[in-house]
Amino acid sequence: MSELGVPYVPVAGARNALTDVGGLRVGHAAYTGEGALTGVTVVLAEPGGAVAAVDVRGGGPGTRETDALDPRNLVPRVEAIALTGGSAYGLDAASGVVAWLEDHQRGFPVGDAPHEVVPVVPAAALFDLGRGGDFRRRPDAALGRLAAGRAADSPNGAAVPTGCVGAGTGAVVGGLKGGVGTASCVLEGGVVVGALAVVNAAGSAVDPAGGLPYGVGLGLPGEFPLSVPEHAEHAAALARFAVDGPVEPPPLNTTIAVVATDAALTRAQAHKMAGTAHDGLARALRPVHTLYDGDTVFAMATGAKPLPAVSADTPYGVDAETAALAAIQAAAADVLTRAVVDGLLASESTETAAGTVPSYRSLYPKATARHRPRN
């Protein structure tokens, strides 16, 4: 039980990944080499789609089709969500996802024939322009189509590759290598909540006072078996970062994410989940939601598991449904924090146009000696 009496049991799902939410699949594709260091990640729902929502809090967002997710608007469900590098240019990758969905006759029906659909693919972009050396090498429709196909080809419940993959290929967080991370939990009653984050923040994910990631304390037992860095290791890490870190701070950033559940949520309830999940970013990144970031969180609800029935005779509406919604919202924030930490720990040092971007594990080899990335 939480402090509010909400039945929230922090147990990881089978894969500790977004794909523990049944029916959701993840596909990555990237451009690397020859001046490229960027990619796309697609979260694909089952045919018929999922309820979706979004909450944008960064000062410099790059998004597509987010207005379609407003609960007051028409489209009730979406087939996929695209997360991409390349800033505003990279949003072209969503066109490839749309084309893939059209080929498979999936989307909002606008006619009688099966192919008469308009796929609505909300998307958000992070800033990684020029990190591979060529400003013009960024995600396009072909890369989006490839990522969508890979998501479709993966089995239900498959493991999610993390680290320097997909949209996280060129990600940087506070001067360290960022990337894709994921996490999940199973609540009392069996509802699953999962998150996938692409960590590319202007702020830092690491506490400079001691060297541990800010969000590590929210890890489940054994999830992040880090030791507190010894003074000598922390001092050496700070010194090495001063030498091997980026030549200059990244000019623009953005952390983008998807949180999802298999509970049956309305669009308004999904919107509340997306907003609450931003608390998870605030626990893992400092500062967050800056003018240099376009921090965007999407929410998806597959509807496989109904919420408890509303009780008419309970005062103030504090009944089983309300408690279940509160637990899902709390879990969304926690799993997103854990996904950010996972993305930080899964990433490897990477050569960029500005020099080597060190990974957290390369700076703290002793503190992370017991941690084993999933990939």
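User: Which residues of α5 are buried?
Analyst: In this predicted model, the buried residues of α5 are R267, Q269, A270, M273, A274, G275, T276, A277, H278, G280, L281 and A284. Buried means under 20% relative accessible area, exposed means over 50%, and partly exposed lies in between, with a 1.4 Å probe and protein chains only. Helices (H or I, at least four residues) and strands (E, at least two) are DSSP runs, numbered from the N terminus.

User: How are residues numbered, and what goes into the values?
Analyst: Residues are numbered from 1 along each chain as its sequence is written. As the model is predicted, local features need pLDDT of at least 70 and side-chain atom pairs count only at pLDDT 80 or more, while totals for chains, interfaces and linings use all residues; side-chain values use heavy atoms, leaving out hydrogens and water.

User: What do the buried residues of α5 pack against?
Analyst: They pack against β3, β13, β14 and α6. Contact here means heavy atoms within 4.5 Å.

User: What span should α5 have, and what does it have?
Analyst: The 18 residues of α5 should span 26 Å at 1.5 Å a residue, and the end C-alpha atoms are 26 Å apart, which agrees. The expected span is 1.5 Å times one less than the number of residues in the helix.

User: And α6, how far does that reach?
Analyst: α6 has 27 residues and reaches 38 Å from its first C-alpha to its last, close to the expected 39 Å. Because 21 of its 27 residues are buried, α6 is largely enclosed by the rest of the structure.

User: Which residues touch the most other members of the largest nonpolar core?
Analyst: L285, I328 and L336 do, in a core of 51 residues. The elements giving two or more residues to this core are β3 (51-56), β11 (180-186), β12 (192-198), β13 (256-263), α5 (267-284), β14 (296-305), α6 (320-346) and α7 (360-363). Of these, α6 gives the most, with 13 residues. A nonpolar core is a set of buried Ala, Val, Leu, Ile, Met, Phe, Trp, Tyr and Cys residues joined through side-chain atoms within 4.5 Å.

User: What does I328 touch?
Analyst: Neighbours within four places in sequence aside, I328 is in contact with L187, V191, V193, T261, A263, L265, M273 and L307. There is also a second, separate core of 30 residues, which includes L18, A45, A68 and M300.

User: Changing topic: where is P287, and what joins it to R286?
Analyst: P287 is in the loop between α5 and β14, and a cis peptide bond with omega of about -10 degrees joins R286 and P287. Most peptide bonds are trans.

User: Is Y292 buried or exposed?
Analyst: Y292 is exposed, with a relative accessible area of 52%.

User: Where do the positive phi values of N16 and S87 occur?
Analyst: N16, with a phi of about 50 degrees, lies in the segment before β1 (25-33). N16 counts as buried at 13% relative accessibility. S87, with a phi near 55 degrees, lies in helix α1 (residues 87-90) and is partly exposed, with a relative accessible area of 22%. Most residues other than glycine have a negative phi.
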